[in-house]
Amino acid sequence: MAANLDWNNLGFGYIKTPYRFVCNYKNGKWDDGEITTDDKIVLTECAGVLQYAQTAFEGLKAYRTESGNIVCFRPDLNAERMIDSANRLEMPALPKEKFLEAVEKVVAANKDFVPPYGSGATLYIRPFMFGSSAVIGVKPAEEYQFRMFATPVGPYFKGGVKPITIRVSDFDRAAPHGTGHIKAGLNYAMSLHAIVDAHKKGFDENLYLDPATRTFVEETGGANFLFVTKDGKVVTPKSDSILPSITRRSLCFVAEKYLGLTVEHRPVKLEEVYDFAECGLCGTAAVISPVGKIVDHGKEIVFGDKIGPITQKLYDTLTGIQMGRLEAPEGWIKVIE
Ligand SMILES: *Cc1c(COP(=O)(O)O)cnc(C)c1O
């Protein structure tokens, strides 16, 4: 029986669902893990995560398709990315199979909270892991916890898609050779001031430049850029300090294989962006959020107040694949039930 929620009016906030998966790393190995109803974590005050921010996370969604199945979109890539994050933060990697088992169990246990097809709402899944044992001298913790919970979230574009306005930020997001390419909580902690400041000044998001030269486009706080040139090519910025978005990688595949477009993944100078025709932000939350305007210290790059035609096509194709209206490439859709 579906939970009694107002699916059409959900926001993007935490709603506690009944079940989550918990797994602990101790004495050099992960235990089997289990589904639990306990949403509370009891930790020593000196836990590695609390003292030195040793934590990483992931984000993915479960959808109800047109035919009524519950599916997840490419969870294997989230599992792989979490292994990369763990390695960079000196945390023990959670085996891919364990991650995928957790996705299956958490979604199945909370299936009443997977919103109905057509509501635009989805079940957001949040895997994360952190150093749980005491650490006072700076070093990796010895014990870790992996958790995965789920929370229903509303459609990203309530009342239609409205292009956003972003600014070129004077703050940096990730250092060269730093942690920009992994999904670490610390990347977000340091972006909070920049986003609060952007909102105060009337901007929706920050465009971060490469900190070394401040001439190349990196990404925003939580989404990769996708540009379309005037002659219809798709261009996405390449840099070692950009988080490899699964949505962006999927959109590039769709652009090439479904829509027959030319795709370039390469360094992109901010200067070049003045000549582009369309701009969008890619991430699990919105798939693509169109950008209407980029403000660069008083100069404006205007893409317009409507979503661009190629951005729209990319959005329709990828969401069509996710919702089961279009045939998916092999291995993209994991059916839960
Ligand atoms: C999670 C995230 C994205 C989007 O990645 P998806 O896998 O598409 O959800 C982009 N940039 C940053 C910094 C992120 O943390």
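This is a predicted model: local features need pLDDT of at least 70, side-chain atom pairs count only at pLDDT 80 or more; totals for chains, interfaces and linings use all residues.

**Spaces and helix packing**

By class, the lining of the second largest cavity comprises 6 nonpolar, 4 polar and 1 charged residues.

The structure has 2 cavities of 30 Å³ or more. The largest cavity has a volume of about 100 Å³. Around the largest cavity stand Gly 59, Leu 60, Lys 61, Tyr 63, Phe 73, Asn 78, Ile 246, Thr 247, Gly 283, Thr 284, Val 287 and Gln 322. Strand 5 and helix 6 are the elements that contribute two or more residues to this lining, and the largest share, 3 residues, is from strand 5. By class, the lining of the largest cavity divides into 5 nonpolar, 6 polar and 1 charged residues.

The open spaces come next. The second largest pocket has a volume of about 330 Å³. It is lined by 20 residues, of which Gly 120, Thr 122, Tyr 315, Thr 319 and Met 323 are the closest to its centre. Strand 5 (60–64) and helix 8 (309–322) each give two or more residues to the lining of the second largest pocket. Helix 8 supplies the largest share of that lining, 3 residues. By class, the residues around the second largest pocket are 10 nonpolar, 8 polar and 2 charged.

The largest pocket has a volume of about 1200 Å³. Its lining consists of 47 residues, and those nearest its centre are Tyr 156, Glu 205, Gly 222, Ala 223 and Ala 285. At least two residues of this lining come from each of strand 7 (122–131), strand 8 (144–153), helix 4 (185–189), helix 5 (192–200), strand 10 (205–207), helix 6 (246–257) and strand 14 (278–283). The class count for the lining of the largest pocket is 21 nonpolar, 17 polar and 9 charged residues.

Helix 6, one of the elements that line the largest pocket, also packs with helix 8 at an angle of about 105°, their axes being 10 Å apart. Helix 6 is therefore roughly perpendicular to helix 8. On the side of helix 6 the contact is made by Thr 247, Ser 250, Leu 251, Val 254 and Ala 255, and on the side of helix 8 by Leu 314, Thr 317, Leu 318 and Ile 321. By class, this contact has 6 nonpolar, 3 polar and no charged residues.

Helix 2 (residues 75–88) and helix 3 (residues 96–109) pack with their axes 9 Å apart, at an angle of about 130°. Helix 2 is therefore oblique to helix 3. The crossing of the two helices is right-handed. Helix 2 makes the contact through Pro 75, Asp 76, Asn 78, Ala 79, Glu 80, Met 82 and Ile 83, and helix 3 through Lys 96, Phe 99 and Leu 100. The contact of helix 2 with helix 3 has 6 nonpolar, 1 polar and 3 charged residues.

Methods. Residues are numbered from 1 along each chain as its sequence is written. Side-chain values use heavy atoms; hydrogens and water are left out. Axes are lines fitted to C-alpha atoms, for helices over the stretch in contact, and angles run from 0 to 180 degrees between N-to-C directions. Helices (H or I, at least four residues) and strands (E, at least two) are DSSP runs, numbered from the N terminus. Angles under 35 degrees count as roughly parallel, over 145 as roughly antiparallel, 65 to 115 as roughly perpendicular and the rest as oblique. A crossing is left-handed if the near helix is turned anticlockwise from the far one by less than a right angle, and right-handed if clockwise. Contact means heavy atoms within 4.5 Å. Ala, Val, Leu, Ile, Met, Phe, Trp, Tyr, Cys and Pro count as nonpolar, Asp, Glu, Lys and Arg as charged, and the others, Gly among them, as polar. On a 1 Å grid over the protein atoms alone, a cavity is a set of points where a 1.4 Å probe fits but cannot get out, and a pocket is an open set with protein on both sides within 12 Å along at least five of seven lines; lining residues have an atom within 4 Å of a point. Grid points are joined across faces, edges and corners, and a volume is the space filled by probe spheres set on the points.
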